Amino acid sequence: QVRLVVPMAVVFSPGSVPRDLPRPLPFRDVQEMEISVNLRTSVTSHYEMRYRSTTGQEEAALAAATAREADAALHPLQDTTMGSLTMYVVPETSSLLPQGINVYVGKHRSALVRAGGSLAALQARLREVTQVMSFTASSIAATLSDRVPNGQLSPDARRNLKSSLGYEITFSLLNPDPKSHTVDWDIEGAVNRYVKPVLDKLSLLANFSVDSQILYYAVLGVTPRYDKESSSFLLSAHSLPHVINPVEARLGSSAASLYPVLNFLLYVPERSHSPLYIQDKDGAPVSTNAFHSPRWGGIMVYNVEAPASPPASLPLHVDVDMARVMEVFLAQLRLLFGLSREEVPPEFLLERPGNEGLADWELDHLLWAHTVENIATVSTTLTSLAQLLDKIGNIVIKDDVASEVYRAVASVQSAVTKLSLGHLHAAFQASKEAVTSSERAFFDPSLLHLLYFPDDQKFAIYIPLFLPMAVPILLSLAKIVRETRLRKKEPTKMD
Amino acid sequence: VSHYRLFPKALGRLVAALGVRELHLALTQGFWRTRYWGQPPLQAPAGAELWVWFQPTVTDVDKAWKELSNILSGIFCASLNFIDSTNTVIPTASFKPLGLANGTDHHLLRYAVLPREVVCTENLTPWKKLLPCGSKAGLAVLLKAERLFHSSYHSQAVHIRPICRDASCLAMSWELRQTLTVVFDFFSSGQGKKDWSLFKMFSRTLTDTCPLASQSKVYVDISPKNKEKELLEVSPPPTSVHEAIVQGDKKTYAVYDLLSPSLFNTSRSLNVQLKWKRPQDSSEMPIPILHAQRYVGGYGLQTGEICTLIYNTHPYRAFPVILLETVPWYLRLYVHTLTIITKGKENKPSYIHYQPAQDRRRPHLLEMLIQLPANSVTKITIQFERALLKWTEYPPDPNHGFYVGSSVLSALVPSVTATKDMDVEQSPLFTSLFPSSDGSSYFVRLYTEPLLVNLPTPDFSMPYNVICLTCTVVAVCYGSFYNLLTRTFHVEEPSRGGLAKRLANVIRKFRGVPPL
């Protein structure tokens, strides 16, 4: 049984202690919730809360002018193990949080919460904060999506990228009309400036490698419609799924590695189809002119400003504004991983993550999800291997395959124990090792050796020998049976 | 992290990930007939040929080679994954790096040939996909599969090598060269006349250039034969005429520069045509200085002999040639029967490298440096014995025979005419196709025919026959024994008679004889 333990610290600043505390500070409390995935499996989430009052340094930090400065000052004083949360409760009348905002979530693993009067109201608010900053029941259920019976999952559940040891990110510039446009993009500089910090932050999660290419004469599979009112071309939302397939043939698969590929395409439309806008379901043009496809990547359309007078010589030189493009691509990358800030209650204020692209608690989100998914994958793989061995008795398991299986089982057990102790980082590493070992054991080529040994070949070899031999034996057996029956019926027939 | 603009990402990642220094892959259908078509510009052996130089930093060259052949077989849709240790050799002298090289440890080189490989449209499509403009603009517009494969010889190749970025050679660039050699034989295919045009050959004409190309040229060989000018005429008139010494002969080329604006001024499309002013009676091509033939001699299914004939038709110059032969392990060569005879006398090679085969693991490798005297024929023979393979090792059609890959002849052939050094900057493509290291000789690599050898094949229905026969014999034997041992005798009352007796009685009644 998997138990997810979140160590939390709730720190009361002076003036914010609720009156109805059960025990004097400091004290510990435990809250458990069961997330049931299907009839047989369930995951327990276990919040270990330590209530205490602020130290002198923390009080000094909380005396800052804005929430952001307070958060920055509190960062070195916190417990920064992965998966843990620290919540500072400020008095109801405090001016640290702006009007109407009750919770401020920082860039690191802390939040500033306004006291709500009674302990119950405070605990309700704290629960909301944990739902935002740590995992929710639906996010855990989404990672175990293959075990949830159909119909219970929301349609967004299967959209996040599957957990993998590494990802390859490819940026492609599609220029279908090189005669009219010469497009230059400073992709190397943009990758170093914008993408590298985000990937460095995510490097705990997986290995990332970045590539880029320019493809010419690559057209979208859909002809856009001309709209007279806006004198532009429009791609409607329902034609977007058909765009990807023809382009994908040109993108090329990465031959040298086995990691899943995330493609980010920048499309510069042809001169005859400029400007091109993407329409959403309501018919309004999308502001970023981009869309993404879950588990695949994203496409952005970059319209070239048409010069007022017809140009003297084609092709036009186009310099791509990489800042605008990378903004969109990085937002799409966050969405692909499942980090959206959509379902936040209105009284929350979330701090922007800045150059690094994601906050520490969002990284924790991913770590929780991937750890649980890895553990589920390992158990599925090993159970399938065991079932396969039961069904087909011919398979020979070599010693190294057996040792990989043992190692996978040991790593999974260690991951589960570490999760129940609250060590998220160690649990994640153990789950990664477990996945590697189990995949190596399951996909070992030596297992395929005698996988298909048809039974009818065995029959074909032995029947021509045994059938003719069996016929007289069976006949004489029948005769013996008949004679004994006859003898039994008339035992006194002997003379 | 790597960023690609014109170089295809698939090959770039491959070269970076596996530590490849040079890669040469050729897929060929057909054989170049030197007697009818002259000296080939760039010959490749029939089937698939792959030779690769790895970087000195690669520690396990065999593992990298296996991964490389598997990945290339995916990229080019060819079954290069059949390349394994039974058809890979490590030549010592025949294949030197064609690009920049720091040192040549021949353990970093691997060479493999798959003579049974067939080339078709599926191999042309990924080849075209590697071009930056694809087949949408530029010269590649002509390459449509239904006309290209309607030819007598089709060879497509991919070459990757490192070269100097500029004349000072301070930085290195990767060069990808894709070559396509096709022979349309109109004269012998029944059309009679030797006139041709781009439209007749490709059913397409050139309409524009690839906007990414910095150079795009069409060269037409209009060399006058026997000093007779005005024998042929090309239309439309070329933008310039280029003279060069190519493979020892002075050749004149009509050049169409597609990037010059004057070419597409008059008409939107360019259809190069060549017309002969006088009818040609026979297609005589000048006999090349070096050419070779190979065949299998002997009779029966036990022994045989591989004979190679090398011709040196230069009137007064002798030159050495390196011969590389790769023979599969199931033809067991006997090196003590190797004889090299030139003009009736024995010719000892100055360098022999022989690596014997190991059954099911390694093929034979024979490399020799042979001096060819002027105006001579050299005959190299070696005898072999055919091995019996295990019954699961035979291919699906065993009576077709087993292929032996072409042997490779590399030589620096002295040219009759002195070559002058060509300016690399002006025509880089032309000089890379016909490089001249020094003025008096040019490098030639020739391939001989692949051989088809019959191996003794077993009767594949024998296992079934054996099973049936043994089982029948055993069953009958056992059955009779068992019957004898367990038969019980008992008295039987005379029965009324069966059907046969009644039938016999009916016949007796007709005959008037008393019944049984």
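Start with the strands. Strand 9 of chain A, residues 207-216, pairs with strand 1 of chain B. The sense is parallel, and the pairing runs over 2 bridges. One bridge partner pair is A:S212 and B:H3, the latter in strand 1 of chain B. Keep in mind that this is a predicted model.

Now widen the view to the whole interface. Here 28 residues of chain B are in contact with 29 residues of chain A. B:H3 returns at this point: with B:K9 and B:R13, B:H3 is among the residues of chain B that lose the most area to chain A. Together these three account for 23% of what that side buries. The size of an interface is often given as the accessible area lost when the parts come together. For chain B and chain A, that area is about 2,600 Å². Carbon and sulfur atoms give 61% of the buried area.

Between chain B and chain A the count is 3 salt bridges. B:R13 forms a salt bridge with A:E168. Their closest N and O atoms lie 3.0 Å apart.

Which elements of chain B give two or more residues to the side that touches chain A? They are strand 1 (2-3), helix 1 (9-18) and helix 9 (462-486). Helix 9 of chain B supplies the largest share, 8 residues. By residue class, the side of chain B that touches chain A divides into 16 nonpolar, 6 polar and 6 charged.

Terms used:
Residues are numbered from 1 along each chain as its sequence is written. Chains are lettered from A and ligands numbered from 1 in the order in which they are written. This is a predicted model: local features need pLDDT of at least 70, side-chain atom pairs count only at pLDDT 80 or more; totals for chains, interfaces and linings use all residues. Side-chain values use heavy atoms; hydrogens and water are left out. Contact means heavy atoms within 4.5 Å. Buried area is the accessible area (1.4 Å probe) that two parts lose on being put together, summed over both. A salt bridge is a side-chain nitrogen of Lys or Arg within 4 Å of a carboxyl oxygen of Asp or Glu. Helices (H or I, at least four residues) and strands (E, at least two) are DSSP runs, numbered from the N terminus. Ala, Val, Leu, Ile, Met, Phe, Trp, Tyr, Cys and Pro count as nonpolar, Asp, Glu, Lys and Arg as charged, and the others, Gly among them, as polar. Two strands pair if DSSP finds at least two bridges between them.
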